[in-house]
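This report describes one protein chain for a reader who works with computed models. Please consult the sequence and coordinates alongside the text.

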Amino acid sequence: MSDPDAEYEEDDEVAELHENHPLLRRAQVALAKQLNAQKSRVEEQLKERSEDLKVAKGRRETIGVELYGVQQQLARLQMTLEKTHDNYNMINRIREQAEEDLKNLRVMTSDRLKDTVEN
């Protein structure tokens, strides 16, 4: 069996190693390499995301311009529809008046015809 005090002393020795201690050099180099690799990956991801954002902003602007054009076209079409509807209503009123005039003319003609036949 090992002595618990001896293990405690070994832990103290490891804890007391300074950052420049030769035993830590290999671990520090490996850790630095790992951190640099991770930093490179993160920087590459950031670059890709920045490019994606730039492309998305460009698409958004293009879509906005297209939307503005479509809205303008819609406004013109709505105005045309309103004018067409107004024209339809005017023509319909004229037709209804013409039908009423024709009805009255037929009645008048019929009455005159009766008067002529009776005389």
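The sections below cover the overall fold, the salt bridges and the surface patches.

## Basis of the model

The model is predicted, so that local features require pLDDT of at least 70 and side-chain atom pairs count only at pLDDT 80 or more, whereas totals for chains, interfaces and linings use all residues. Residues are numbered from 1 along each chain as its sequence is written, and side-chain values use heavy atoms, with hydrogens and water left out.

## Overall architecture

The chain contains two helices and zero strands; these are DSSP runs numbered from the N terminus, with helices (H or I) of at least four residues and strands (E) of at least two. Helix H2 spans residues 22-118.

Of the 119 residues in the chain, 1% are buried. Here buried means under 20% relative accessible area, exposed means over 50%, and partly exposed lies in between (1.4 Å probe, protein chains only). The accessible surface of the chain is about 11,800 Å², and carbon and sulfur atoms account for 55% of this surface. Areas follow the Shrake-Rupley method with a 1.4 Å probe, and for residues only the protein chains shown count as cover.

## Salt bridges

The whole structure holds two salt bridges, each defined by a side-chain nitrogen of Lys or Arg within 4 Å of a carboxyl oxygen of Asp or Glu. Lys-39 pairs with Glu-43, with the closest N and O atoms 3.9 Å apart. Because these residues are four apart in helix H2, about one helical turn separates Lys-39 from Glu-43. Glu-43 is partly exposed at 43% relative accessible area.

Arg-95 and Glu-99 form a salt bridge at 2.8 Å, N to O. Arg-95 and Glu-99 are likewise four residues apart in helix H2, and therefore about one helical turn from each other. Arg-95 is partly exposed at 37% relative accessibility, and Glu-99 is partly exposed at 45%.

## Surface patches

Patches consist of residues with over 30% relative accessible area and no salt bridge, joining like charges within 9 Å and nonpolar side chains (Val, Leu, Ile, Met, Phe, Trp, Tyr) within 5 Å. Met-90, Ile-91 and Ile-94 make up a nonpolar surface patch with about 300 Å² of accessible area together. Ile-91, in helix H2, is exposed at 54% relative accessible area.

A patch of negative charge comprises Glu-44, Glu-48, Glu-51 and Asp-52. Asp and Glu count as negative and Lys and Arg as positive, while His and the chain ends are not counted; each charge is placed at NZ of Lys, CZ of Arg, CG of Asp or CD of Glu. Glu-51 is located in helix H2 and is partly exposed, at 44% relative accessible area.
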